[in-house]
Amino acid sequence: MSTISSTPDALPKKKTYQRTSPLREGFRRLLRHRSAQVGMTILGFMIVIALLAPVIAPYDPYIRQMDVQRRATPCIHFLGCPADQSEHIMGIDGNSRDLFSRILYGSRLSLQIGVVTITFAIIIGGLIGAVAAYVGGWVDNILMRCMDVLMAFPSLLLAIAIVSVLGTGLINALLAIGIVSIPVYARLVRSTVLSVRELEYVQASRALGGSGFHVLINRILPNALTPLIVQGTLGIAGAILDAAALSFLSLGAEPPTPEWGLMLGEERNSVFNAPHLVFFPGLAIMLTVLAFNLLGDGLRDAFDPRLRGN
Amino acid sequence: MLQFLTRRLILLLPVLVGIVFVTFVIVRAIPGDPCKAMLGEKASAAACSSFRERYGLNDNYLVQFGRYLFNMAQGDLGTSIRFSRPVSELVAERLPLTIELTIFSMLFSTIAGIFLGVISALRRNTIIDTLTMLLANIGVSMPVFWLGLMMAYLFAIVFKGTPFSLPPSGRLTSGMSLATLADLWHIDSPSALQNFFLIFFSNSLIVNTVLTGDWAALWDGLRHLILPSIAVGTIPMSIIARMTRSSLLEVLGLDYIRTARAKGLAAAKVITRHAMRNAMIPIVTIIGIETGALLSGAVLTETVFALPGVGTMLVSSILARDYPVVQGFTLLIALIFILVNLLVDLSYAYLDPRIRLD
């Protein structure tokens with residue numbers, strides 16, 4: 001007699017689907033995105049360098065090296081530079097300082113420049129855009145025409161003009177770049193607000209008694225977050241380039257600050273005798289900007305399906 | 001089409017007034033006394049007051065702004081404090097070079113950009129695509145001035161003595177110069193407008209050398225423009241390449257392309273006649289937007305290659321607090337930028353009939 005088991009055979013385990021949020025889904029796509037991987041790697045590397053600059057840098061970025069010639073070419077022991085000479089892997093600049101150490105310290109400045117200016121632009125621009133769209137009418141008209149006028153100038157030229165008003169210097173240069181970046185974010189936030197303002201869920205929130213401010217901040221603006229992050233990351237790349245350009249024209253950072261654009265500008269006349277003094281700072285700028293550009297592309301592809309190409 | 005154009009022009013007016021106003025305000029807000037900047041720190045009060053009187057700097061800003069608008073409507077942009085010459089003359093002198101530089105770099109960026117983009121789209125997801133897009137990404141991340149300096153080093157020092165050697169700075173080899181057309185044609189007392197065009201064409205490399213038949217100068221001048229044009233054009237080239245790729249890929253997925261292929265049209269014809277025409281709309285937009293980048297790039301590149309253009313003039317005038325020049329040149333650049341964007345709008349309407357009807 002066969003025994004009838006009291007318990008039925010275990011049913012095949014029901015397949016469970018993990019609940020994935022769009023955010024988690026986006027991060028998954030970001031981590032698999034090839035250019036984002038490259039961008040994040042370079043950026044991570046830059047951040048480590050910036051944080052550990054005092055530890056890694058072999059020399060003080062401000063102090064003259066007495067035992068070397070000005071604008072000496074790189075000396076790397078491993079590559080056959082005589083052991084009795086001190087090692088300077090990127091050479092010596094026009095003021096007898098170790099270029100490698102200055103480049104390392106420069107990464108701190110460039111990362112800060114990019115993040116600070118764009119954060120400024122996003123906050124001010126976002127506010128202008130949100131107010132313009134939410135209030136509408138003549139307020140919208142005036143604010144947006146002002147943005148049009150700002151956009152009618154090529155951004156770097158407007159930044160140059162603003163710096164000439166504020167006076168040269170790194171802080172003023174950053175302010176100028178921040179100001180010229182505002183219109184992009186104002187337009188972006190405005191268009192997002194306009195597109196969701198009349199949707200049912202926003203009206204529901206309003207019907208439930210949400211104040212205008214509450215609805216704007218908690219119901220409408222989160223929609224703008226993704227495009228803002230994408231645009232902001234790409235904006236940081238542009239801001240770093242513009243800041244370097246202003247410093248190059250001696251309208252930005254002042255000597256002896258180890259700012260890459262300034263280092264390049266100071267040595268531009270010696271490019272034919274000492275090309276390494278121009279090459280390395282430019283390479284550093286390019287890599288940093290490249291990292292933000294690649295990451296921005298990746299973020300856009302991962303989080304903003306509307307902008308995603310096939 | 002005419003209606004479309006009229007509407008666009010009317011929409012431009014407030015922006016134009018805004019630009020004039022912003023420029024005016026910015027220039028007045030530049031700290032420092034133009035008198036001290038021009039006559040030196042030790043200029044006497046009397047000298048300064050007559051200086052301010054001469055350039056109308058004593059009137060209040062509203063009067064100055066009104067006078068500025070009135071004069072501008074008559075083509076008078078004021079007089080440079082530094083050079084004691086009309087700003088319009090300086091514009092005529094400096095603008096041709098910047099226009100040439102912008103045109104050449106635009107040609108370079110458009111041709112190279114569309115070529116790279118099409119190749120990348122047609123060879124999608126192959127190593128060619130990856131390399132091209134990597135190149136585009138690097139191109140868009142390079143500081144213009146760095147690229148310019150490194151190219152100058154490469155072509156003037158490393159390639160010295162080879163056929164690839166190119167001059168690293170200046171407009172013409174020293175010793176060469178462009179003919180002054182007014183002298184050449186014995187025009188003694190030209191009117192203001194004549195004078196403007198005489199100076200403009202005298203300083204325009206291509207027009208001048210073709211008119212005078214000075215082929216050696218033309219060749220020399222063009223060689224001097226190669227490196228700056230590539231430097232200025234690299235960022236726009238990269239952006240155009242990326243836009244071409246994504247735009248073409250999108251169009252290639254559409255039904256009418258399949259139809260065109262199905263009816264047996266040659267692959268090349270499908271691309272050039274059918275796909276590109278639609279793919280061009282976003283590309284043209286980008287080309288227009290990038291003109292701003294070209295103008296900004298021109299400022300930096302003129303500095304690197306020591307070219308006497310609008311950009312070098314603007315930067316040196318800012319440092320010398322030459323109000324009228326800064327004002328005139330900023331205005332000029334914004335105007336060019338706006339005009340190009342207008343052209344872009346018009347070309348949309350040409351490429352896409354739906355926009356005309358909108």
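**Questions on chains A and B**

Biologist: Which residues of helix H10 (residues 205–212) of chain B are buried?

Modeller: Bear in mind that this is a predicted model: local features need pLDDT of at least 70, side-chain atom pairs count only at pLDDT 80 or more, and totals for chains, interfaces and linings use all residues. Residues are numbered from 1 along each chain as its sequence is written, while chains are lettered from A and ligands numbered from 1 in the order in which they are written. Helices (H or I, at least four residues) and strands (E, at least two) are DSSP runs numbered from the N terminus; buried takes 20 or more other C-beta atoms, placed from the backbone, within 10 Å of the residue's own, exposed 12 or fewer, and partly exposed lies in between. For H10(B), the buried residues are Leu205(B), Asn208(B) and Thr209(B).

Biologist: Within what arc do the buried residues of H10(B) fall, seen down its axis?

Modeller: The arc uses directions from the helix axis to the C-beta atoms. The buried residues of H10(B) line one face of the helix, because down the axis they fall within an arc of 90 degrees.

Biologist: What share of the residues in chain B is buried?

Modeller: Chain B has 16 helices and 0 strands, and its C-alpha trace spans about 85 × 60 × 40 Å along the principal axes. Of its 358 residues, the buried share is 41%.

Biologist: Which helix gives the most to the side of chain A that touches chain B?

Modeller: Residues are in contact when their C-beta atoms, placed from the backbone, lie within 7 Å. The contact takes 36 residues from chain A and 39 residues from chain B. On the chain A side, helix H4 (137–151), helix H5 (155–166), helix H9 (222–248) and helix H11 (276–303) each give two or more residues. With 9 residues, the top giver is H11(A).

Biologist: How far apart are the C-alpha atoms of Met40(A) and Ala237(A)?

Modeller: Met40(A) sits in helix H2 (residues 34–56) of chain A. It is partly exposed, because 17 other C-beta atoms lie within 10 Å. Along the chain Met40(A) and Ala237(A) are 197 residues apart, yet their C-alpha atoms are separated by 14 Å.

Biologist: Where in chain A is confidence highest?

Modeller: The pLDDT (the predictor's confidence in each residue, from 0 to 100) averages 85 over chain A, with 92% of its residues at 70 or more. Helix H1 (residues 22–32) of chain A is lowest, at a mean of 82, and the highest, at 92, is helix H3 (residues 99–135) of chain A.

Note on methods. Contact = placed C-beta atoms within 7 Å.
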